[in-house]
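Q: I'm new to this one. Could you walk me through it?

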Amino acid sequence: MYIPLTKPYWGKAEERAAVEALRHSSGAGDGSYTKQLAGKLTKLTGMRYAIPVTSCTHGLELAMAALGIGPGDEVIVPSFTMTSTANCVVLRGATPVFADIEPLTYGLSVGDVARRITERTKGVIFVPYAGMPGDIRAIRALCRERGLFLVEDAAHAIGAYDRGKHLGTFGDIGVFSFHGTKNVSCGEGGAVVTDRKDLYDTMEIYRANGTNRTAFLAGIVDKYSWVGKGTSYFLSDILANIVSAQLDHITTINKKRNQIALYYSKQLQHYAGLFDLPRVPPGAQPNWHIYAVLFKKKTHRDLFLREMRKRGIDAAYHYVPLHSSRMGRKLAGSIFDQGQLSCAARRAFPSTVTAPETGKRRVLSRFFPQENPQGDPFLGVPRTEPPAVPAPDGCAAKSEPREAPCPALPVTDFVWERLVRLPIYPGLTSKQLQYVVQQVRETLQAYI
Ligand SMILES: Cc1ncc(COP(=O)(O)O)c(C=O)c1O
């Protein structure tokens, strides 16, 4: 039996949607099906504006262009993410500054973000990993306080909420992915959402090859012409209609994923000595885009992955951290060579932030566990602790060779070496699920 990691949930509704769009549209972007999709996205997320685009990657590029990021600017991003989160900054000639994640839901650590802010910092890109909110509310409070923009790379997060608020709607711009691996998919696609009219207007022009096409079609201007910089990020109307059909049963899709996640957690709870199961923070409604366990030992993780593959199960690790990649090291080296980073400035980070709910000052810590010294704040079960943080902040790398990994990101390194994703998609049958669990158990019992 072969069980892939992910599989799109496409059925008759998506087939009908594709055929309908083939029959009744030219397939070009921005037709009636794209407009319909934009309407469904604003309704789902509660944001005022939505623009379907060719991918989440392009949506992030669009966001950085609209926010006017350029040379000399710094944007704080996670290292435990897809290259798109950092490339959108690099493509503007600006510098991504990598910050660490917290070890429970793998979102940016608010304490670590705060300590990396300098006078050059323009904003933060937060990734709600696996559709979990992490500390997004504290990050938003920090950004507001420091006058920074907040963009959510919500590639994973369609249909995921924190206390009733859709993820991807906490910042200035949120960007979703409809790639073939995502909960809602058309193969390749994405969308940006925003509440800000100024950003919406800029993005409408930029993604339309720098023209005022949208205003022209709306009858606002009488000539359609070149008014600024831009490129083409139009999602085909055919793909837009497939996404629309998928959104009509997003509740079913995410409910099925939730059932699978519950099944895994129930069946694998006895192995808490070997790995941590995913935890849902209070108030979070994840969409279970990913079901990931965190092994206590890297050697066990590697052995487990090899064995699963032999047994036809596509279990997988996730992002190789960007800060220690070839490109990440080059960036770190060049920033220090140019003397752009002031280590002293980075160490002088604030120790408190205003909590959005209470309006009171809240102490920032590097990780949740330090704020919750009893251990796991969610279930009261102790979790695997990441290593202690070397001080001060990896700045020692200043005197090291050019390609030294500058920022010390111990949680990122810890997580990437131990994390395993198990297959999760609505089409998994009970027989297949039982097979996965049986193979996991046999592997753990025989080898670990
Ligand atoms: C966090 C994150 N951001 C961006 C992307 C890129 O999405 P897309 O393939 O739609 O460009 C991905 C892809 O999986 C991702 O995981």
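Predicted model: local features only at pLDDT ≥ 70, side-chain atom pairs only at ≥ 80, totals over all residues.

Q: Let's start with the ligand. How many residues surround it, and which are the closest?

A: There are 13 residues around the ligand, and the closest are Ser55, Cys56, Thr57, Ala155 and Ser177.

Q: Which elements give two or more residues to that shell?

A: Those are α3 (56–66) and α4 (83–90).

Q: And what's the shell like by class?

A: Eight of its residues are polar, four are nonpolar and one is charged.

Q: OK, new topic: α9. What span should it have, and how far apart are its end C-alpha atoms?

A: Helix α9 covers residues 237–248, which is twelve residues. At 1.5 Å a residue it should span 16 Å, and the end C-alpha atoms are 17 Å apart, so the two agree.

Q: Is α9 largely enclosed or exposed, and why?

A: Largely enclosed by the rest of the structure, because eleven of its twelve residues are buried.

Q: Which ones are buried?

A: In α9 they are Asp237, Ile238, Leu239, Ala240, Asn241, Ile242, Val243, Ser244, Ala245, Gln246 and Leu247.

Q: What covers them?

A: The cover includes the helices α1 (12–24), α2 (32–45) and α10 (250–268), along with the strand β1 (49–53).

Q: Tell me about β1, then. Which strand does it pair with?

A: β1 pairs with β9 (residues 190–194) in the antiparallel sense, over five bridges. For instance, Pro52 has Ala191 in β9 as its bridge partner.

Q: Why is β1 called largely enclosed?

A: Four of its five residues are buried, so the rest of the structure largely encloses it.

Q: What about the sheet with β6 in it: what's the strand order?

A: That's an open sheet of three strands, β7-β6-β11, with antiparallel pairing. The edge strands, β7 (165–166) and β11 (284–285), each pair on one side only.

Q: How many bridges join β6 to β7?

A: Two bridges join them.

Q: How many bridges join β12 to β15?

A: Four bridges join β12 (residues 291–295) to β15. Leu294 has Leu419 in β15 as its bridge partner.

Terms used. Residues numbered from 1 in each chain as written. Near = placed C-beta within 6 Å. Nonpolar A, V, L, I, M, F, W, Y, C, P; charged D, E, K, R; others polar. Expected span 1.5 Å × (residues − 1). Buried ≥ 20, exposed ≤ 12 C-beta atoms within 10 Å, placed from the backbone. Contact = placed C-beta atoms within 7 Å. Pairing = 2+ DSSP bridges.
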